[in-house]
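Here is a protein model to read by definition. Each answer sets a value against a cut-off.

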Amino acid sequence: MSTDPDVTVTVIVHDDAARLPRAVASVRAQTHRNIEIVISDDHSTDATPQVAAALAAKDHRIRLLRLEENSGGCGAPRNRAMEIARAPYLMFLDSDDELPPKAVELLLAAHREEPVDFVMGAVRRVRAGTGATSTWMAPLYGRRRTVHGIEAEPRLLFEPLATNKMYRKDFLDRHALRFPEGIHYEDQLFSARAYTLAHAFTVIPEPVYRWYVDPHAAPEKATISNQRHLIGNVRDRVAISRMIDQFLAGHGCSAAVREEKDFKFLSHDLRMYTGDLPYREIPWIARFADETVPYLDELSPAAFERLGHAERVVVGLLREGRYAEVRLAARGLGHGVGPREMTTDARGRAYWGGALPVGDAARRDLDLTALDLTRCPFAAAAFRHEITRVEQGPGAAVDLTVRTYDPALRLPLAPQAAHLHISPAGRRMTTGLRMDPVARGVYEGTVRLDLAAAPLPAHGFLGVRHPVLEIGDGQSGNTGVMLAPLDFTPFVLAGPGRHRITVEPEGHGAGRLQLRWRPQGVVGMLLGQVVQRGPLRRAARALARR
């Protein structure tokens, strides 16, 4: 019987002694046992070397590799491990993640069914703290199939991970396919090259990787994708994308493939940064524009045409150098928030903001004429509801001042009836308010939101809710999110049924007003367990009711 392993799984690590045992345990527990485990240490300075040695002493399948100096990325430790791997198939695992028990078995079985260069499976994202799970890029994994080259399915470029794939080693060696070093986002170039060079690859719907996500990790522990506040991070993202462009062009890829890659950059890569722009200072946004705008000018016009209006507005304002307005526009991403005002040119075309765009590209980006905001159904009209004051009221009350902008002038210049809705545990509570005109297209009102009146279930409510504002024209209503001041100090209320309610700005994205509910005592403890352990839901709620 051969002693050679079927698969080499490389676990890369740097200063992660606490989580390395969990990652390695998930590899050791694989149902397919004939594997080699390489722990590739990127010159850790904590207890990682000692922890790795202790793990190797427990399992003869583990080999240790330590880089002579820290590389600062994922590429070098993976590449060094590939040089010593003994198996014909290779996989990669990060020390803060895990493999599901059957990952190796499932991927290897797909390889043995037909000759392909790599097999890729679904990724389950696990949110730190709550344990909530979701499938990464779920639509790409809806069915099992073999894809004969990326030209057959260009949308797979949206899935750039290297860690949910099992590669034939001879495929990687034949094409000298290695990770770039000295730059972040190395997976993206590696995967784009693998997709392009592969004769065929198989997609399986089963989860083969558990990716732990902690968006609130301390800066020194944050993953590369969560270090978006660093301009160097932006620079690496753009540089890698340019390398992909050069590779695709050099290998004669079709316009459809290049357009898909461009659309992926605009709708995913760039979008990760633009969603943070409301929280960035103007000088930072200026530097961000310096890094990104020249590259945006190189991308396919067809990719821009596929973007939503809100995303294009942010790009247009970046092109024009209107950085204060960039912060305003970015708060509307994903939530249908309108501008404070619109400007119309001599031809009757409507543009976002208070000034006409200068450049041709920005003119296309900022053009809102197609939305027909002055005549579209009222429910689809673009309003903007900004909270200008948040104060703690008596008891469990929150006092708000709300300013509504009506850029298309859909409302008459008269007081307007509005309603604030919030729905903890799916039970809606409505509070009325009057919005008075303070200028043409601007209305303001105050409201006291008494959370003591919130209709809660007997077992209580644990979760987060964002109030919305509904305004009507007498025939239909228009409901929109409420944007909170980004810098107001959160406060805690004693809510009904022994609940603590934290009133805070959302902290990311649009920055909506956010109410965080948590029951106290035994009920809170049980519901906290329910969030992390879904199968306990019915039993915990029954006990909470008792």
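Q: Which residues does Y141 touch, not counting residues up to four places away in sequence?
A: Y141 touches M120, G121, A122, W136, E159, N164, V203, I204 and P205. Touching, or contact, means heavy atoms within 4.5 Å. This is a predicted model, where local features need pLDDT of at least 70, side-chain atom pairs count only at pLDDT 80 or more, and totals for chains, interfaces and linings use all residues. Residues are numbered from 1 along each chain as its sequence is written, and side-chain values use heavy atoms, with hydrogens and water left out.

Q: Why is Y141 called buried?
A: Its relative accessible area is 5%. Buried means under 20%, exposed over 50%, and partly exposed in between, with a 1.4 Å probe and protein chains only. Y141 is therefore buried. Y141 sits in the loop between β6 (133–135) and β7 (145–147).

Q: What makes the pair Y141 and N164 a polar contact?
A: Their side chains come to 2.9 Å. A polar contact is a pair of N or O atoms within 3.5 Å; within protein, one must be able to donate a hydrogen and the other to accept it, and residues adjacent in sequence count only if both atoms are side-chain atoms. The side chains of Y141 and N164 make such a contact.

Q: Is A381 buried or exposed?
A: A381 has 7% relative accessibility, so A381 counts as buried. A381 lies in the loop between α13 (360–366) and β12. A381 touches C376, R410 and N478, leaving out residues up to four places away in sequence.

Q: Why does Q188 count as buried?
A: The relative accessible area of Q188 is 9%, so Q188 is buried. Q188 belongs to helix α6 (residues 186–197). Helices (H or I, at least four residues) and strands (E, at least two) are DSSP runs, numbered from the N terminus. Beyond neighbours within four places in sequence, the contacts of Q188 are P160, R237, I240, I244, K264 and D269.

Q: Which residues of helix α2 (residues 48–58) are buried?
A: They are T48, A52 and L55.

Q: How do you know that they are on the same side of α2?
A: They cover an arc of only 60 degrees around the axis, so they lie on the same side of α2. The arc is that of the directions from the helix axis to the C-beta atoms. An α-helix has 3.6 residues a turn, so residues three or four places apart point the same way. The face turned away from the buried side of α2 carries the exposed residues Q50 and A57.

Q: Why are α7 and α9 called roughly parallel?
A: Helix α7 (residues 231–250) and helix α9 (residues 282–296) pack at about 5 degrees, with axes 10 Å apart. Angles under 35 degrees count as roughly parallel, over 145 as roughly antiparallel, 65 to 115 as roughly perpendicular and the rest as oblique. So α7 and α9 are roughly parallel. Axes are lines fitted to C-alpha atoms, for helices over the stretch in contact, and angles run from 0 to 180 degrees between N-to-C directions.

Q: What makes α7 and α8 roughly antiparallel?
A: The axes of α7 and helix α8 (residues 255–274) cross at roughly 175 degrees and come within 11 Å. So α7 and α8 are roughly antiparallel.
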